[in-house]
Amino acid sequence: MRAGILRSTAYDDVPYTRGGAVDRTEVGALARSAVDGDAAAWKALVEGLSPLVWSVVRAHRLSDADAHEVYQTVWFRFAQHLGRLREPDKAGSWLASTARHECLKVLKGLTRLTLTDDPQVLDRASEDRTPEQTLIDSEEEAVEAERIRRLWQEFEALGDRCRKLLRVLMSSPPPSYLEVSAALGIAVGSIGPLRQRCLRRLRARMDARGAV
Amino acid sequence: MDESGIPEGDFEASGFDGDLLEEELRQAATVLDPVPAALLQLALDAYALHDLDARIAELTFDSLVDALPVRGVPDAPRMLTFRAGAVTVDVEVTGEGLIGQVLPPQSARIEVLGGPQTARPVTVDTLGRFTSDTPPAGPFALRLRAGGEVIVTEWLRA
């Protein structure tokens, strides 16, 4: 796992800082190395930015099959354009924006109603026991897992706008606001206030449920 | 910093820590909705698709986006046009496969790429007209060898 080298501590493009962002100069350097044939650099790019692409796809609530195809399309196209990126430092935004456009195309082309009633997506947190969960044996971890499950349920029950924004924000490492903007087609300046409101709403839902 | 305009004092008095909650969500996503391992592997393998020598034919028309929907024709074929310089490739994707034409008319060798490891040749006539009786399953691209150069169409989801 090389994703660690993508981590940095600050944003320079927005007046907002938090730890763990993908450093765009680092991303640019990795992209340039990958162009020159450095497979390890490509691996670091994929591992550092895959969760962002996946989050964008998930935020748009595609069916699993569509989500998988969009994710692949985005990475195939990124590999194809690798040596021609105008701003390699903004590879994250390029990926997020491409993912968004492909998602919108899928939604536009949908003639079948797989959009929101894909039971696997909606019931994932409530019904499925993931491999991770089955591994949990200590009581403490079980309590923590239950808390995470509840948090996820409340997150899924949020309105579309908040659910979308938070799904992108929660990708790992945390995306920059430029990337979030590219992922959702919203202005950078509106992300902070909307984020604050959505997180408060989620907290209120958790509190109402007594799952503090 | 509170960008929502709510007074800082109220914000802190409520004991609400948005960063902490976001971090918890990040943990939840890592456990409950991670990138599927098979997809991560496909993205790693996609490195093989980077080809500095090939020209990219950009998508200039997509009926899904650029055409008005035709009512009562739910299975209207997907019409795509790609362009690289003077070369244009028109493609029609149907449930039965692909039909297309290279313009200006010329003989070419054409393959349908289905991923980092999949390339299937299609039949092309001397005027650059081609057919494939296998509809693309998932993302695809066309690789053309014509006039001494290699052109690859932008990856697209069928």
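The model is predicted; local features need pLDDT of at least 70, side-chain atom pairs count only at pLDDT 80 or more, and totals for chains, interfaces and linings use all residues. Residues are numbered from 1 along each chain as its sequence is written, with chains lettered from A and ligands numbered from 1 in the order in which they are written.

**Chain A fold**

- Chain A holds 11 helices and two strands. Helices (H or I, at least four residues) and strands (E, at least two) are DSSP runs, numbered from the N terminus.
- The order from the N terminus is β-β-α-α-α-α-α-α-α-α-α-α-α.
- Of its 212 residues, 43% count as buried. Buried means 20 or more other C-beta atoms within 10 Å of the residue's own, with C-beta atoms placed from the backbone.
- Among contacts in chain A with a separation of 6 or more, 71% come from residues 24 or more positions apart. A contact needs C-beta atoms, placed from the backbone, within 7 Å.

**Interface of chains A and B**

- 50 residues of chain A are in contact with 41 residues of chain B.
- On the chain B side, the elements giving two or more residues are α2 (18-32), α3 (37-45), α4 (63-66) and β10 (156-157).
- α2(B) gives the most, with 13 residues.
- This side of chain B divides into 26 nonpolar, six polar and nine charged residues. Ala, Val, Leu, Ile, Met, Phe, Trp, Tyr, Cys and Pro count as nonpolar; Asp, Glu, Lys and Arg as charged; the others, Gly among them, as polar.

**Helix pair across the interface**

- The axes of α8 (residues 139-156) of chain A and α2(B) come within 9 Å and cross at roughly 100°. Axes are lines fitted to C-alpha atoms over the stretch in contact, and angles run from 0 to 180 degrees between N-to-C directions.
- α8(A) is therefore roughly perpendicular to α2(B), a term for angles of 65 to 115 degrees.
- α8(A) contributes A:Ile148, A:Leu151, A:Trp152 and A:Phe155 to the contact, while α2(B) contributes B:Glu24, B:Leu25, B:Gln27, B:Ala28, B:Val31 and B:Leu32.
- The residues of this contact divide into eight nonpolar, one polar and one charged.

**Backbone geometry**

- Most residues other than glycine have a negative phi, and most peptide bonds are trans.
- A:Arg61 has a positive phi, near 55°. A:Arg61 lies in the loop between α2 (39-59) and α3 (64-81) of chain A.
- A:Arg61 is buried, with 20 other C-beta atoms within 10 Å.
- A cis peptide bond joins A:Ser172 and A:Pro173, with omega about 0°. A:Pro173 sits in the loop between α9 (160-169) and α10 (177-184) of chain A.
- The bond from B:Leu103 to B:Pro104 is also cis, with omega near -5°. B:Pro104 lies in the loop between β4 (97-103) and β5 (109-115) of chain B.

Conventions
Buried ≥ 20, exposed ≤ 12 C-beta atoms within 10 Å, placed from the backbone. Contact = placed C-beta atoms within 7 Å. Parallel < 35°, antiparallel > 145°, perpendicular 65-115°, else oblique.
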